[in-house]
Amino acid sequence: MNWSDLLSLTAGELIAPTTAAYALAAIGLNIHFGFTGLLNMGQAGFMLVGAYGFAATAQAGQGFPLSALVGVGCSVVFALILGIPTLKLRGDYLAIVTISAAEIVRLIGRSSVLSDITNGAAGIPASRFNKDFLGLSVLPDGRTALGPFAYANNVGDGWWTRIVAWAAVLLAVLLVWRLMSSPWGRVLKGIREDEDAVRSLGKSVYGYKMQALVLGGAMAGFAGVLFVMPASVQPDAMGRSMTFFIWTILLLGGAATLWGPVIGSMIFFVALMFIKTVMRDVLPSVLRPEQLEPLAGILVGITLMLLVIFRPQGIFGDKKELMLDVR
Amino acid sequence: MSAELSSPAPLAKTAAQALAGVAPEPGVAKPDPIIVADDVVRRFGGMTAVDVRHLEVQRGAITALIGPNGAGKTTLFNLLTGFDKPNSGTWEFDGRRLNGVSAGRVARAGMVRTFQLTKALSRLTVLQNMQLGATKQPGEGFFTSLVKPLWAAREREITAQAEELLIRFKLDAKSEDFAGSLSGGQRKLLEMARALMAKPELVMLDEPMAGVNPALTQSLLGHIQTVRDEGTTVLFVEHDMQMVRRIADWVVVMAEGKIVAEGPPSAVMENPAVVDAYLGAHHDTDLGDESVMAEGVLEQLEAEEATE
Ligand SMILES: Nc1ncnc2c1ncn2[C@@H]1O[C@H](COP(=O)(O)OP(=O)(O)OP(=O)(O)O)[C@@H](O)[C@H]1O
Ligand SMILES: [Mg+2]
């Protein structure tokens, strides 16, 4: 096995745009689930809606800022449509509605119904929508190498995308920190613990839940924009398994923590790449290459189960909090 | 503690005085009602849980709502505070129609309740629980929350108010602990203190004394009187007749959803309809009597009933 290859491959995952996109989506899910207690089982749907909104606008020749705004706006509308009928009901209803709505978006995306915009199952290649984004780059053309990280500056999977993606993640962390240490965040946490108690204190619970759903959904929308930037808008790459990866990341890092989603995403993708690379090296006699991907997926599932059973508070979570008798 | 109980403030007298001339009969009009409810009916399937013709609650007084288990007291609380919808009925709070108004708005109108099954916000600290009870915190708005100077001053006021209340309720040592780590009785105290953070016009307490140790009950009674003396109307549900007798200015008795009696504590407990509601047909007993609620007596009464 070539150790330096292994090292640079896995280290690359640390700062990959995908890792950042997942981290941002997990930060959004953290606002939903970690702080407000909303069970959103369709975070990938919010990302896909955002990505479509962005790609469609950019393809039509609009600049990056407007296109990204439209993408995020689409996710906000998606959140409102899902939230209005369900947030008055018990929590499980939101879970059911989000998981099915995400599937509906994906299925419509890959069908031929809107293929003018979505290009069906083939998806929209990034070259059709990332030109303006790359044109905004402040970096000179060429390649830059920093230790194990060597990428072209101004390509979809290059430095510029990484810089913007991680800046967005940091901004989101800062925003969550500000919000959650404010009285607004206190109301959200109160709702997570007991809606009726918060209602009895005169807060309009429905309004707060809606704000949380919209904010977390908007973050997922922008995460969708970042996610598609290096490659393409591929509906099948943004389905249920993406949602479950985001959940795994959140629980791995620790729900209701500030840095949990970010560190969770880094650990998740480094570990996944490590496992895949090692398996590809060690198991080719046993497994064909196309069998490796599902096996990695199975390992993620097992990790998620073990995590929930043995360390439900995640890496950053406070064990003491979970030991509480939540009555 | 005893000082608090033995020297009622001037307001206590006025509350009792105001009610002195009121006839002790169900649905009677009060001189200065804060709540006026009419024909409130709530059915669960075929069962009528609440059927209140007319009820008025006197402003500035402590009114006790008593009645056997399943009488409909909690259901009436839920209806009045917007946590449940009636099949029919109207009510006013402070001259404002409140039927059909959501629970959050009812609380904002100045009518704050606690729950029989305590709702402590477990993974918030005791202090945060208290802070959440406060009103007029601009930082609870999304955009204002982003700019700390806009809400920091109010937050300091709220925190000071919370700490004062926590001292009163003997929870100050716990203020940084998670509410989920409190005992059952402490949760009751926290919930009551939290309700008072909003400085409500009317506070509705559903069995505030249940599970609180007797020594603390004494001081809790004192607190309830202080709350009244500071101008808040109190409506509370309680099963312990000694407590009711000690602090209530007025007692409303419910049985099977209806209001069967009203009056000052001593009169109500001798009322045959009330004794009936609690014990069956034993008219010669006074519920406020020290011994009547003791288990032995109840068993005796039940035995007598069985043989009849
Ligand atoms: N959600 C509900 N569904 C069906 N029946 C209900 C419901 N809530 C209350 N009831 C019924 O309504 C009646 C009144 O209940 P309620 O809780 O108001 O009694 P209560 O006077 O508060 O009694 P307690 O002193 O035991 O707390 C009971 O017979 C109860 O079974
Ligand atoms: Mg009750």
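Predicted model: local features only at pLDDT ≥ 70, side-chain atom pairs only at ≥ 80, totals over all residues.
User: What are the distances from an oxygen atom of ligand 1 to the side chains of Thr75(B) and Gln116(B)?

Analyst: For Thr75(B), an N or O atom of the side chain is 2.5 Å from an oxygen atom of ligand 1. For Gln116(B), the corresponding distance is 2.8 Å. Taken alone, ligand 1 exposes 630 Å², and the protein buries 61% of that area. Strand 2 (47–58) and helix 3 of chain B are the elements that give two or more residues to the shell around the ligand.

User: Which element gives the most to the shell around ligand 1, and which residues are the closest?

Analyst: Helix 3 of chain B gives the most, with 3 residues. In total, 13 residues surround ligand 1, and the closest are Asn69(B), Lys73(B), Thr74(B), Thr75(B) and His239(B). By residue class, the shell divides into 4 nonpolar, 7 polar and 2 charged residues.

User: Why are Thr74(B) and Gln116(B) called donors of the magnesium ion?

Analyst: The OG1 atom of Thr74(B) and the OE1 atom of Gln116(B) lie 1.9 to 2.1 Å from the magnesium ion (ligand 2). Thr74(B) lies in helix 3 (residues 73–80) of chain B and Gln116(B) in the loop between strand 6 (111–113) and helix 5 (126–133), so the pair ties together parts that are 42 residues apart in sequence.

User: Why are these two residues, Thr74(B) and Gln116(B), classed as partly exposed?

Analyst: Thr74(B) has 25% relative accessibility, and Gln116(B) has a relative accessible area of 33%. Partly exposed covers the range between the buried limit of under 20% and the exposed limit of over 50%, so the class applies to Thr74(B) and to Gln116(B).

User: What is the class of Arg123(B), buried, exposed or partly exposed, and where is this residue placed?

Analyst: Arg123(B) is placed in the loop between strand 6 and helix 5 of chain B. Its relative accessible area is 22%, which makes it partly exposed. Arg123(B) and Phe178(B) are 55 residues apart in sequence, whereas their C-alpha atoms are 5.6 Å apart in space.

User: How do you know whether Lys170(B) and Glu207(B) are buried or exposed?

Analyst: The relative accessible area of Lys170(B) is 54%, and exposed means over 50%, so Lys170(B) is exposed. Glu207(B) has 10% relative accessibility, and buried means under 20%, so Glu207(B) is buried.

User: Why is Ser137(A) called buried, and which residues is it in contact with beyond its neighbours within four places in sequence?

Analyst: At 15% relative accessibility, Ser137(A) falls under the 20% limit and therefore counts as buried. Ser137(A) belongs to the loop between helix 7 (131–135) and strand 2 (143–146) of chain A. Leaving those sequence neighbours aside, Ser137(A) is in contact with Asn154(A) and Trp160(A). Its side chain also reaches the backbone nitrogen of Leu139(A) at 3.0 Å.

User: What makes helix 9 of chain A mostly covered?

Analyst: In helix 9 (residues 183–193) of chain A, 11 of its 11 residues are buried. Among them are Trp184(A), Arg186(A), Lys189(A) and Glu193(A). At the start of this helix, a side-chain oxygen of Ser182(A) reaches to within 3.1 Å of the backbone nitrogen of Trp184(A).

User: What is the secondary structure of chain B, and how much of the chain is buried?

Analyst: Chain B comes to 13 helices and 10 strands. Buried residues make up 53% of its 308 residues.

Key:
Residues numbered from 1 in each chain as written. Chains lettered and ligands numbered in written order. Heavy atoms only, no water. Donors = N, O, S within 2.8 Å, 3.2 Å for Na, K, Ca; no water. Helix = DSSP H or I, 4+ residues; strand = E, 2+ residues; numbered from the N terminus. Buried < 20%, exposed > 50% of the residue type's maximum accessible area, 1.4 Å probe, protein only. Near = heavy atom within 4 Å. Polar contact = N/O pair within 3.5 Å; in protein donor to acceptor, adjacent residues only side chain to side chain. Areas by Shrake-Rupley, 256 points an atom, 1.4 Å probe, with all protein chains shown as cover. Nonpolar A, V, L, I, M, F, W, Y, C, P; charged D, E, K, R; others polar. Contact = heavy atoms within 4.5 Å.
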